[in-house]
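Subject: Handover of a structure and its findings

Dear colleague,

Please find below the structure that I am passing on to you.

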Amino acid sequence: MRTTTWMPAAVLATAVLLAGCTNTTAEPTGKSGGDQTATASVDPAALDTGSYPTSPAPEFGRATQETILDVDGQRLAEFTIVPFEIDQELTSVKMPTMVMRSGKNLGVVLSDAAGDIAHNHQMLYGYVSTAATPTTKTTDPSRSVVQAVMRFNNPEDAAATAREIHQNLLTVDDGTGLETAENIDILPNTLVSTGQTNFDAGPEVSVNAFTPHGDYLLYTWAKAPAADKDWTAKAIAKSLQLQEPLIDQFPATPTRAQNGGQSAQLPMIDQDKVLIYALPEEDAQAQLGDDMAAYGPRGMAHRSTNPPLTYKILTDAGSEHNAVYKTTVYRAKDDAGAETILTEFYNDLLAEGFTAAPTPQGLPDAKCATKDTVNGTQDYCMVANGRYVGEASGTDNKKDVDQQISAQYLILELADQNAE
């Protein structure tokens, strides 16, 4: 499934208002490559894999003290509500949607002051997901939600962070005006404040809500046209209804204090051993803490251009963990599930305006698509091999994408089809 484009943290603050896109599934407009049959055979000798590896990577082992915040943050994605679960129309993914690697990252999500407060209370890590209702123009009114879960060392720090950020919103004007304290009757433990701004689309109301929950701080920001203010309260209530029981299921790595002063055994980086089958990303600057990861259906939905479809297809296919690195690897419970993932995700590309593109030499079973955008020509190729599906993408370099998916196919030839 095509994922959103991730940007360095310095760019995220200005990227919140960037539009995403979402579409429903459509029937394919032609065969892969336009002239290949689904039964054509692969010719391994003809594959051009460039300099990419063609065998699985060594096992990644366990996280280290240097990587545990990234790894637990990635694992947390599966236990953070996707905005479409709050309102099924919130399908246009925005930034920030990412692992929060420290309290300072809350500055990107909310404000520099909030980031400083969270940092001072030793926030460990978190995950944030942002989405809006689709619009055709920047002047169209929309509804938006930011959903975040932040982990602290103890309940006291989580609660103190909530109080101090809430108070800051009420007393310090950051240029958009002071917020007003509010109450939501059915949420007595939630600190709520509202603000109003005027845009071309008309006046809008936004609500910040902070709910301490054990070692976690749950944060929801909801925005809507002023006439739909009631929707913001309902969105916050729905988010907590879903988020509180979900975060209670998160198998967080114990801190030293929680583990009797001893270091806990750290989790495996590669959940279910699927990441070893993805092509590695050699550009260290392209790794922002969100890739080199294994995500479940909800974790993948956060990153998708069509979150509801991604969540449903991966859940139905029994795809418990999927690898995100330079390429993406989906693993279904069986071959039929993999074929469904391939077909549905490829069809969704076509529904988004992509057109069928030629397949790589020697790999006629691949499905490729292309689209000209303001950022260049976007190319995608996908291929199924047993219960696995590989996906490669790139901009203005179809040859490289072909090489990626060719190498990916050969790696999947060596994948353990029975791995769990």
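**Confidence**

Please bear in mind that this is a predicted model. The average pLDDT of the chain is 88, and 87% of the residues score at least 70. Residues 5-39 form a stretch with pLDDT below 50; in the model this stretch has 71 contacts beyond near neighbours in sequence. Where pLDDT is low, the predicted coordinates should not be read in detail.

**The sheet**

Seven strands make up an open sheet with antiparallel pairing, in the order E8-E9-E10-E14-E13-E12-E11. Its edges are strand E8 (293-295) and strand E11 (355-357), each of which pairs on one side only. On average, and with direction ignored, neighbouring strands of this sheet are turned by 25° against each other. As background, strands of a sheet pair through backbone hydrogen bonds, either parallel or antiparallel.

Several of the pairings can be followed strand by strand:

- Strand E9 (residues 322-324) pairs with strand E10 (residues 328-331) in the antiparallel sense over two bridges. Val324 has Thr328 in E10 as its bridge partner.
- E11 and E12 run antiparallel and are joined by three bridges. Here Thr355 stands opposite Thr370 in E12.
- Seven bridges connect E12 with E13, again in the antiparallel sense. These two strands form a hairpin with two residues between them, and Cys368 has Cys381 in E13 as its bridge partner.

**Helices on the sheet**

**Helix pairs**

Two packed helices are described by the angle between their axes and the distance between the axes.

The crossing of H9 and H10 is right-handed. On the H9 side, the contact is made by Leu309, Thr310, Ile313 and Leu314; on the H10 side, by Thr340, Ile341, Glu344, Phe345 and Asp348. By class, these residues divide into five nonpolar, two polar and two charged.

In another pair, the axes of helix H5 (residues 112-120) and helix H6 (residues 155-171) come within 9 Å and cross at roughly 160°. This angle makes H5 roughly antiparallel to H6. H5 and H6 also cross in the right-handed sense. H5 contributes Ala113, Ala114, Ile117 and Ala118 to the contact, while H6 contributes Thr161, Glu164, Ile165 and Asn168. The contact of H5 with H6 comprises five nonpolar, two polar and one charged residues.

Yours sincerely

Notes. Residues are numbered from 1 along each chain as its sequence is written. This is a predicted model: local features need pLDDT of at least 70, side-chain atom pairs count only at pLDDT 80 or more; totals for chains, interfaces and linings use all residues. Side-chain values use heavy atoms; hydrogens and water are left out. Axes are lines fitted to C-alpha atoms, for helices over the stretch in contact, and angles run from 0 to 180 degrees between N-to-C directions. Helices (H or I, at least four residues) and strands (E, at least two) are DSSP runs, numbered from the N terminus. Angles under 35 degrees count as roughly parallel, over 145 as roughly antiparallel, 65 to 115 as roughly perpendicular and the rest as oblique. A crossing is left-handed if the near helix is turned anticlockwise from the far one by less than a right angle, and right-handed if clockwise. Contact means heavy atoms within 4.5 Å. Ala, Val, Leu, Ile, Met, Phe, Trp, Tyr, Cys and Pro count as nonpolar, Asp, Glu, Lys and Arg as charged, and the others, Gly among them, as polar. Two strands pair if DSSP finds at least two bridges between them. pLDDT is the predictor's confidence in each residue, from 0 to 100.
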